[in-house]
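Open the model in your viewer and keep the sequence panel beside it.

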Amino acid sequence: QLQLVESGGGLAQPGGSLRLSCAASGLTLYYTNIGWFRQTPGKEREGVSCINRYDGSAYYADSVKGRFTISRDNDKTTVYLQMNNLKPEDTAVYYCQVGKSGPTVQEMCVTGRRLRGSWGQGTQVTVFS
């Protein structure tokens, strides 16, 4: 059974850093992409960064480009999101999600195509002065 466990959220001051982790178990070859999405109350969930587990190609939303870095472990089942130079607008619940083969990582993040149907609880990131 596929499970995603997110961790690493918390409080940070503007300009600070946090590192999120997503440990995936029960993955099959069918799920080629893993990504991070975030949501704030009253807003739609948005794709932040997505990575292909096999070739390492990555996509970043414009709002986080140059500040966030997505990476994967050698086992290709753990994905990290290093968040630097955090801003108050980064405050959100961050979710890890897997995507089926087909879409590029950009398509996965931007359109949400072929994502697994269910979402986990996510991890809260709060950036405040």
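How many residues does the largest nonpolar core have, and which of them have the most contacts inside it? This is a predicted model, and its largest nonpolar core has 35 residues. Select Trp 36, Phe 68, Leu 81, Met 83 and Tyr 94, which have the most contacts inside that core.

**Phe 68**

Stay on Phe 68 and show what surrounds this residue. Leaving out residues up to four places away in sequence, Phe 68 touches Arg 38, Val 48, Tyr 60, Leu 81, Gln 82, Met 83, Asn 84, Leu 86, Asp 90 and Tyr 94.

**The whole chain**

Now zoom out and colour by secondary structure. The protein chain has one helix and ten strands. Read from the N terminus, the order is β-β-β-β-β-β-β-β-β-α-β. The radius of gyration is 13 Å, close to the 14 Å that the globule rule gives for 129 residues, so the chain is as compact as a globular protein of that length.

Taken along the principal axes, the C-alpha atoms fill a box of roughly 45 × 30 × 25 Å. Of the 129 residues, 44% are buried. Among contacts with a separation of 6 or more, 60% are between residues 24 or more positions apart.

Switch to a surface view. The accessible surface comes to about 6500 Å², and carbon and sulfur atoms account for 46% of that. Colouring by charge will show 14 positive and 10 negative side chains, the centres of the two sets lying 3 Å apart.

**Ala 58**

Select strand β6, residues 58-60, where Ala 58 is found. Is Ala 58 buried or partly exposed? Ala 58 is partly exposed, because its relative accessible area is 39%, between the 20% and 50% cut-offs. Not counting residues up to four places away in sequence, Ala 58 touches Cys 50, Ile 51, Ile 70 and Val 105.

**Thr 78**

Go to strand β8, where Thr 78 has its place. Thr 78 is buried, with a relative accessible area of 13%. With neighbours within four places in sequence left aside, the contacts of Thr 78 are Cys 22, Ala 23, Ser 71, Arg 72 and Asp 73.

**Asn 85**

Follow the chain into the loop between β8 (78-83) and β9 (92-100), and select Asn 85 there. Phi of Asn 85 is near 50°, a positive value in a residue other than glycine. Asn 85 is partly exposed, at a relative accessible area of 42%.

**Lys 100 and Arg 114**

Select Lys 100 in strand β9. Lys 100 counts as partly exposed, at 24% relative accessibility. Apart from residues up to four places away in sequence, Lys 100 touches Tyr 30, Tyr 31, Thr 32, Asn 33 and Arg 114. A distance drawn from Lys 100 to Leu 20, 80 residues apart along the chain, gives 22 Å between the C-alpha atoms.

From Lys 100, step across the contact to Arg 114. Where is Arg 114 found? Arg 114 is in the loop between α1 (105-111) and β10 (123-127). Phi of Arg 114 is near 60°, a positive value in a residue other than glycine. Arg 114 is partly exposed, with a relative accessible area of 34%.

Conventions. Residues numbered from 1 in each chain as written. Predicted model: local features only at pLDDT ≥ 70, side-chain atom pairs only at ≥ 80, totals over all residues. Heavy atoms only, no water. Core = buried A, V, L, I, M, F, W, Y, C linked by side-chain atoms within 4.5 Å. Buried < 20%, exposed > 50% of the residue type's maximum accessible area, 1.4 Å probe, protein only. Contact = heavy atoms within 4.5 Å. Helix = DSSP H or I, 4+ residues; strand = E, 2+ residues; numbered from the N terminus. Rg over C-alpha atoms; globule rule 2.2 N^0.38 Å. Areas by Shrake-Rupley, 256 points an atom, 1.4 Å probe, with all protein chains shown as cover. Lys, Arg positive; Asp, Glu negative; His and termini not counted. Charge placed at Lys NZ, Arg CZ, Asp CG, Glu CD.
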